[in-house]
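Please read the points below with the sequence and the model side by side. Each point takes up one part of the fold.

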Amino acid sequence: MATKRIADEPAFVLHRYDWSESSLILEVFTRRHGRQALVAKGAKRPSSNFRPVLLPLQPLRLNYSLSPDENAEIHTLKGADWVGGHIMPVGDALLSGYYLNELLMRLLARDDPHPGLFDAYAAVVRVLASEHGEALQPVLRAFELVLLRDVGLLPELNTQTATLAPLRDEAHYVLVAEGGLREARAQDRGALPGIWWQSLQSALEQEPPLAATLVATAERSAELKPQLRALLHYHCGSLRTRQLMIDLQNL
């Protein structure tokens with residue numbers, strides 16, 4: 001059977017780990033083929049062309065060959081080029097990028113393309129690499145929403161999840177991990193009016209959704225943060241990067 005090759009594939013490195021003394025296993029997010037596992041042979045050698053290129057949060061173009069074994073999960077990297085366009089994020093932005101990478105690792109199945117989500121991720125990485133610190137929290141909330149919706153884990157935000165009753169504009173609602181969107185109770189924090197949840201649903205339905213969702217969440221990211229954190233924890237478990245960010249804030 002002839003080996004199939006994938007050429008000039010837009011991609012980002014999500015994670016890398018040692019495979020041997022000289023090689024790496026890469027988890028990459030590609031635009032047309034979703035999450036892929038690739039072996040970069042010899043990538044740890046000082047003379048390797050891969051060495052300065054295979055970095056997280058940097059736009060790449062990859063060439064790789066698919067294993068002739070249809071059941072094989074790891075393919076072979078043949079070439080990698082840095083596309084350029086921005087520098088590596090630093091500080092809180094760098095940690096936020098690692099956080100997004102961990103979310104993608106937890107929530108995306110291999111070989112499941114999400115081209116729209118890839119484009120949203122690329123746009124967020126450009127924001128992280130810029131110096132727009134005030135946009136950091138809103139853009140994280142917007143991407144979390146786009147990601148959850150893209151993988152089918154976000155309920156419709158214009159109806160109550162359990163009853164399918166329409167939202168009342170002036171009533172307040174919360175998003176809870178186990179029950180979706182429901183009317184707020186006295187002890188609930190971060191409740192938001194029904195008219196706002198409906199506008200958020202409309203934003204998420206736009207193509208592409210990230211920019212409209214960012215506008216919708218810009219002034220509500222503080223209220224959304226604990227609700228989305230609980231929902232992501234419900235589906236992903238504890239995130240190492242989230243705990244690292246908490247620990248650094250407590251220093």
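1. His75 belongs to strand 5, which covers residues 74-82; strands (E, at least two residues) and helices (H or I, at least four) are DSSP runs, numbered from the N terminus. His75 is buried, with a relative accessible area of 8%, where buried means under 20%, exposed over 50% and partly exposed in between (1.4 Å probe, protein chains only). Leaving aside neighbours within four places in sequence, His75 is in contact with Gln36, Ala37, Leu38, Val39, Tyr64, Ser65, Leu66 and Ser67; contact means heavy atoms within 4.5 Å.

2. A remark on the source: this is a predicted model, in which local features need pLDDT of at least 70 and side-chain atom pairs count only at pLDDT 80 or more, while totals for chains, interfaces and linings use all residues. Residues are numbered from 1 along each chain as its sequence is written, and side-chain values use heavy atoms, with hydrogens and water left out.

3. Strand 4 (residues 60-65) is joined to strand 1 by 5 bridges, and the two run antiparallel; strands pair if DSSP finds at least two bridges between them. Ile6 has Tyr64 of strand 4 as its bridge partner. Strand 4 is also joined to strand 5, by 6 bridges and again in the antiparallel sense. Here Leu60 has Trp82 of strand 5 as its bridge partner.

4. Which residues have the most contacts inside the largest nonpolar core? They are Leu100, Leu104, Tyr121, Phe143 and Trp197, in a core of 51 residues. A nonpolar core is a set of buried Ala, Val, Leu, Ile, Met, Phe, Trp, Tyr and Cys residues joined through side-chain atoms within 4.5 Å. Among the elements that give two or more residues to this core are strand 1 (5-18), helix 1 (91-107), helix 2 (115-129) and helix 3 (136-150). Helix 3 gives the most, with 9 residues. Apart from this core lies another, of 17 residues, including Leu24, Val28, Leu62 and Tyr64. In soluble globular proteins, nonpolar side chains tend to be buried together.

5. Trp197 deserves a separate look. Not counting residues up to four places away in sequence, Trp197 touches Leu157, Leu167, Tyr173, Val174, Leu175, Leu181, Leu192, Leu224 and Gln227. Trp197 is one of the buried residues of helix 4, which also include Gly194, Trp196 and Leu200. The buried residues of helix 4 pack against helix 3, strand 6, strand 7, strand 8, helix 5 and helix 6.

6. An open sheet of 3 strands has the order 7-6-8, with antiparallel pairing. Its edge strands, each pairing on one side only, are strand 7 (180-183) and strand 8 (192-193). Strand 6 pairs with strand 8 over 2 bridges, and Tyr173 stands opposite Leu192 of strand 8.

7. Helix 3 and helix 4 pack at an angle of about 70°, with their axes 11 Å apart. That makes the two helices roughly perpendicular, a label for angles of 65 to 115 degrees (under 35 is roughly parallel, over 145 roughly antiparallel, the rest oblique). Axes are lines fitted to C-alpha atoms, for helices over the stretch in contact, and angles run from 0 to 180 degrees between N-to-C directions. The contact is made by Leu145, Val146 and Arg149 of helix 3 with Leu200, Gln201 and Leu204 of helix 4.

8. Leu108 lies in the loop between helix 1 and helix 2, yet Leu108 is buried, with a relative accessible area of 4%.
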